Amino acid sequence: MDSECSKKAMFFSSRNPDRVRTWNIVVNAIAVMLVYSSYYGGAAVMPTAFADMAGRNGIDDHTAFTGLMINNLFVVIAAMFTPYIIQSIGLRLSLVVGSLCTIPISVALFIPYNITILIGQAINGMGNAFTRAVSLQFLAENSPKRKMAKNSGIHWMIFMSCILFGNLVLYFGIGDKTHLDDHTRMVIAGALTAMCSTGCMLYCFTSTPPPLTEEDMRDEDEEEDEDEEKKPILQKRNVESA
């Protein structure tokens with residue numbers, strides 16, 4: 001009983017590595033969820049918003065889909081350089097930089113011109129590749145081998161709710177309107193920007209991951225095998241001492 005209580009007390013100690021890692025994993029997942037809620041909400045509303053604006057500011061029916069194509073192109077290009085950038089500026093700063101690249105999507109809704117939409121999609125494409133890679137790297141550096149499956153489940157469970165929250169913004173922002181007027185577009189852009197900004201700020205509350213020890217890199221099966229190997233040796237020593 002005392003040992004169990006001491007373990008719980010150690011977990012809630014601020015210096016406990018497991019507590020720091022758990023905190024990092026949860027905060028990272030919530031931050032990425034908010035950032036991608038902003039992205040998915042913006043990507044979903046753009047075709048409707050820009051179709052209703054056709055003929056204004058050089059926007060036509062193809063603007064949203066051209067922007068999406070540019071976004072996907074820059075995802076591929078940025079993915080090749082992501083490891084070098086992480087190595088240069090560090091993991092936690094990389095998380096913030098990648099998330100900030102989502103804000104231009106909202107800016108394109110605030111200032112809808114062809115140039116702002118296309119540049120915003122290009123920057124966001126780089127940010128998408130960057131954020132995905134860095135958040136998964138952060139997850140790996142905070143996960144001992146025996147807890148990797150559990151921590152991955154927590155991460156993806158929280159992260160995948162981004163589609164729900166991004167569409168909830170559109171559901172309550174648009175309602176039963178059949179035409180997306182300028183005021184509604186601004187309200188939605190403001191809500192998506194706030195979500196992304198909140199996600200970026202959450203990264204500031206993460207801690208530097210404690211280094212994983214050799215013991216952390218072992219899984220439960222390896223530890224059981226080692227115990228089985230030690231049993232005959234211990235039994236032999238007990239017989240000799242008897």
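**Burial and surface**

I began with burial: of the 242 residues in the protein chain, 38% are buried. I then looked up the surface, and the chain exposes about 13,700 Å². Carbon and sulfur atoms supply 64% of that area.

**Confidence**

I reminded myself that this is a predicted model. The average pLDDT of the protein chain is 79, and 81% of the residues score at least 70. Residues 1-13 are another matter, with pLDDT below 50. Beyond near neighbours in sequence, I found 7 contacts for this stretch in the model.

**Fold**

How many helices and strands does the protein chain have? I count 10 helices and 0 strands. Reading along the sequence, I wrote down α-α-α-α-α-α-α-α-α-α. I also checked the contacts with a separation of 6 or more: residues 24 or more positions apart account for 81% of them.

**Aromatic rings**

Next I went through the rings and found 6 aromatic pairs in the structure. I took Tyr 36 and Phe 159 to start with: their ring centres are 5.3 Å apart and their planes stand at 75°. Edge-to-face requires an angle over 60 degrees, so this pair is edge-to-face.

Why does this pair tie together parts that are apart in sequence? Tyr 36 belongs to helix α2 (residues 17-52) and Phe 159 to helix α7 (residues 148-159), so the pair joins parts 123 residues apart in sequence.

Tyr 36 has 1% relative accessibility, so I logged Tyr 36 as buried. Phe 159, at 9%, is buried too.

Phe 159 turned up again with Trp 156. Here the ring centres are 5.4 Å apart and the planes are at 80°, so I noted this pair as edge-to-face as well. Trp 156 and Phe 159 sit 3 residues apart in helix α7, so about one helical turn separates them. Trp 156 has 38% relative accessibility and therefore goes down as partly exposed.

Which residues do the ring pairs link into a cluster? My list reads Tyr 36, Tyr 39, Tyr 40, Trp 156 and Phe 159.

How values were computed. Residues are numbered from 1 along each chain as its sequence is written. This is a predicted model: local features need pLDDT of at least 70, side-chain atom pairs count only at pLDDT 80 or more; totals for chains, interfaces and linings use all residues. Side-chain values use heavy atoms; hydrogens and water are left out. pLDDT is the predictor's confidence in each residue, from 0 to 100. Contact means heavy atoms within 4.5 Å. Helices (H or I, at least four residues) and strands (E, at least two) are DSSP runs, numbered from the N terminus. Buried means under 20% relative accessible area, exposed over 50%, partly exposed in between (1.4 Å probe, protein chains only). Accessible areas come from the Shrake-Rupley method with a 1.4 Å probe; for residues, only the protein chains shown count as cover. Rings of Phe, Tyr and Trp (its six-membered ring) pair if their centres lie within 6.5 Å; planes under 30 degrees apart count as stacked, over 60 as edge-to-face and the rest as tilted.
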